[in-house]
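Colleague: Could you take me through this model? I want to know what stands behind each label.

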Amino acid sequence: MQQTKAAVYVRALCSLTAAAVSVLTLAACSPVVDVKPAADAANAACAPMMVSLPDSIGGAALRKTNSQATAAWGDPSVLILRCGVNVPGPTTDRCVTVNDVDWVIKEGDPVWTLTTYGREPATEILMDPNKISSATVLADLAPAAAKIKAVRKCIGQPELLQNLPTSTPGK
């Protein structure tokens, strides 16, 4: 059976195109970061934040993860984010405000855990401050974290003391 030149040409062109697509697909693959999703990762309130995440933080590029409402930056990862973690209650842990977003900071050795305070669902960041600046991380993530509405604010010792009842001397 004799094939026409056009049929051979089309078949060769299709094979070449398929091979090129395969090579490009393999070249575009980078390892996906394995991140355990938070308990409330499917909360719809996480979506606006997740689509607003920066492409890089402190020179670390955003990477793909294998779980909903998670993100990672750097190769190897220097920063992991999970939306939908348990909302922190009142705490004596340090709470800082960066660009109108409150974060509860738990310093570990070497990994720190930073969790949004007063936003539901809460967002958690795991990072090593020796590899990336916490100030840079919080400033770069504040616009995205602010997509989840604040319902409470951190209060410090001055705010607590101003509302204490005072006693009248001699009574």
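The talk below goes through the labels, one at a time.

Modeller: Some ground rules come before the labels. This is a predicted model, where local features need pLDDT of at least 70, side-chain atom pairs count only at pLDDT 80 or more, and totals for chains, interfaces and linings use all residues. Residues are numbered from 1 along each chain as its sequence is written, and side-chain values use heavy atoms, with hydrogens and water left out.

Colleague: What is the average pLDDT of the protein chain?

Modeller: pLDDT is the predictor's confidence in each residue, from 0 to 100. The protein chain averages 83, and 73% of the residues score at least 70. Residues 5-28 stay under 50. For that stretch the model has 2 contacts (heavy atoms within 4.5 Å) beyond four places in sequence. Where pLDDT is low, the predicted coordinates should not be read in detail.

Colleague: What makes Cys-46 and Cys-83 a disulfide?

Modeller: The definition asks for a pair of cysteine sulfur atoms within 2.5 Å. Here the S to S distance is 2.1 Å, so the pair counts as a disulfide. Cys-46 lies in helix α2 and Cys-83 in strand β4, so the bond ties together parts 37 residues apart in sequence. Helices (H or I, at least four residues) and strands (E, at least two) are DSSP runs, numbered from the N terminus.

Colleague: Why is this disulfide of Cys-46 and Cys-83 called left-handed?

Modeller: The torsion about its S-S bond is about -85 degrees, so the disulfide is left-handed.

Colleague: How many disulfides does a search of the whole structure find?

Modeller: The search finds 2. Cys-95 and Cys-154 form a disulfide too, with sulfur atoms 1.5 Å apart. Cys-95 is in strand β5 and Cys-154 in the loop between α3 and α4, so parts 59 residues apart in sequence are tied together.

Colleague: Why is Cys-95 called partly exposed?

Modeller: Buried means under 20% relative accessible area, exposed over 50%, and partly exposed in between (1.4 Å probe, protein chains only). Cys-95 has 28%, so it counts as partly exposed. Cys-154 has 19%, so it counts as buried. Cys-46 is buried at 1%, and Cys-83 is buried at 0%.

Colleague: How do you know that strands β7 and β8 pair?

Modeller: Two strands pair if DSSP finds at least two bridges between them. β7 and β8 have 4 bridges, so they pair, and the sense is antiparallel. Trp-112 stands opposite Met-127 in β8. The open sheet has 8 strands, in the order β1-β2-β3-β4-β8-β7-β6-β5. β1 and β5 stand at the edges with a single partner strand each, so one side of each lacks a neighbour in the sheet.

Colleague: What makes Arg-152 sit over the ring of Tyr-117?

Modeller: The rule wants NZ of Lys or CZ of Arg within 6 Å of the ring centre and within 35 degrees of the ring normal. The charged end of Arg-152 is 5.6 Å from the centre of the Tyr-117 ring, and it sits over that ring.

Colleague: What makes Asn-99 stand out in its phi?

Modeller: Most residues other than glycine have a negative phi, and most peptide bonds are trans. Asn-99 is not a glycine, yet its phi is about 50 degrees. Asp-100 also has a positive phi, near 70 degrees. Asn-99 is exposed at 53%, and Asp-100 is exposed at 59%.
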